[in-house]
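Hi,

Here is the structure I promised to pass on. Have a look at it first, and then read my notes below.

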Amino acid sequence: MKNKITKVMRRKVNERTYYFGAIPSSLIKESTFVPVLENSPKTALMEITEEGYQRPGSMPRMNKFKQFLKANPNSLVPPVILSGRGRWKYESSKFDPDIGVITIEGPAAIIDGQHRMGGYVALFDAEETEVDADFLLIENLTRDEEIREFIMINDSQVGVPKSLGTFISTDNPHLTSKIGGDYVKIAWGLSTDQASPFLGRITRTKIGPEHLFALHSIATQLEKMFSHGAFFDSPIDKKMEIALKYWNIIQDAHPTEFDDMSKLGIPRQGKKAFEYKILELTGFIAWSQIGYQILGGAYNPDTEEVNWESVESQIDYLSGRIDWRKDGQYKNATGLVGGPQIRIDMERALQIRS
C-alpha cells in the first residue's frame, strides 16, 4: 500500500512549485535517500551512489541529533529539503487547491538535512519513538538544478568540503566554477587511473589517512601548469596523458622520496612520518609551476607531441639539486609560499644548466 502524507501546503515562487509538510519518522528510511559519491561505513538512511554528488553521511552526527531530539522534545527543527524526483505525487483537497495530500510512490532525494533525517530514523529504530520531520519538497528539479540547490544551501554553512563543491560543479550549467572543468577531471583522473602514482590518494570529500591531497588543490595547480600558450587548443585527453607521464617521470627520478607513500594509512605513521616534502602540497605546487616551463617548452601544439627526452633530462637534473628533506634547506617552506620558493630555485638550476 502506498504511504500518504496529509495536510500538505502547496506554494509557488515564480515558476517553481514546492510543498510544506511533515513525514513520520517511521516512513523516512523507505521514502527518502541520499545521492552520495561514496557509501558511508554506517548510516541510518538509504544511500544511492549512481549519479550521486554528496559526501557520505556520518553516523556519529546522526546519533548526536538523535540525542538532541530526546533531550529537547519541544524544540523546533528547521525543515529538511527534498527533491521529489517525480515520485511524490500531490493531490489537492476538494476545499482548497493549495492544501492536499502527497502519495509516496518512491523515494525522494534529500538535498539538505541528511544528518537530521538520520537522527529521526536512528531514534525510531532504537526506541520506536515516532517524531514528525518537517520537510520542504521541491518539484521537477533536474539533477543539475538539484546540485545547484545543494551548493547554494551549503555554501552558506560550514561542512561541505571545497573539493566536493569543485567536483560536482564541473559541467553544471547552473554553476560557475573558478577552476576549469578540464582540470577537475584531470585531477580526479590522477586519483583513479591505474597508471597514476597518486592512485587513490586524491579525495573529493574528507581527507582520510590514506589521502595525500584534496581535489580542488590539485585541480588549481594543474590549471596553472597547463596555462602555457602551447596547450591552448590541447584536448583534455592529451593533457591527462601528459600529466600522468610527467608525474611518473618525477616518481622514477625520486624513488626514495616517493617511498613516503608507504607510510599512509599506517597507525602512528601517516603523513606526520614523511621525511620529504615532495608528496606534500608544497612539492605538488613546485613541480606544477616548473612544469609550466618544462612541459610548455617541450610540447609541439601542431603535432601534439612532447619531447619526453628533454622533459626526462630536466627532471633528472633537478632530482640531484633540490633538497626535498623536511628538515633540510626548505624546512620552513610550505604550501602556497614554499612551493613557489622551491620553483624559483628549480628555475635557477635549469638556467645554470643551459
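A quick word on names before the tour: helices are DSSP runs of H or I with at least four residues, strands are runs of E with at least two, and both are numbered from the N terminus. Keep in mind that this is a predicted model.

I'd begin with Asp260, which sits in the loop between α9 (255-258) and α10 (281-298). Is Asp260 buried or exposed? With a relative accessible area of 2%, it counts as buried, because the cut-off for that is under 20%. Its side chain reaches the backbone nitrogen of Tyr276 at 2.9 Å. Leaving aside residues up to four places away in sequence, Asp260 touches Phe274, Glu275, Tyr276 and Leu279.

Next, go to the start of the chain. Strand β1 (residues 3-13) has two antiparallel partners to look at. One is strand β7 (residues 99-104), joined to β1 by 5 bridges, with Ile5 standing opposite Ile102. The other is strand β2 (residues 16-24), also paired with β1 over 5 bridges, and here Met9 stands opposite Phe20. β1 and β2 make a hairpin with 2 residues between them, and Asn14 in that turn has a positive phi of about 55 degrees.

Last stop: helix α8 (residues 236-253). Its 18 residues reach 26 Å from first C-alpha to last, close to the 26 Å expected. Buried residues in α8 include Ile242, Tyr246, Trp247, Ile249 and Ile250. As background, an α-helix has 3.6 residues a turn, so residues three or four places apart point the same way.

Cheers

Note on methods:
Residues numbered from 1 in each chain as written. Predicted model: local features only at pLDDT ≥ 70, side-chain atom pairs only at ≥ 80, totals over all residues. Heavy atoms only, no water. Expected span 1.5 Å × (residues − 1). Buried < 20%, exposed > 50% of the residue type's maximum accessible area, 1.4 Å probe, protein only. Pairing = 2+ DSSP bridges. Polar contact = N/O pair within 3.5 Å; in protein donor to acceptor, adjacent residues only side chain to side chain. Contact = heavy atoms within 4.5 Å.
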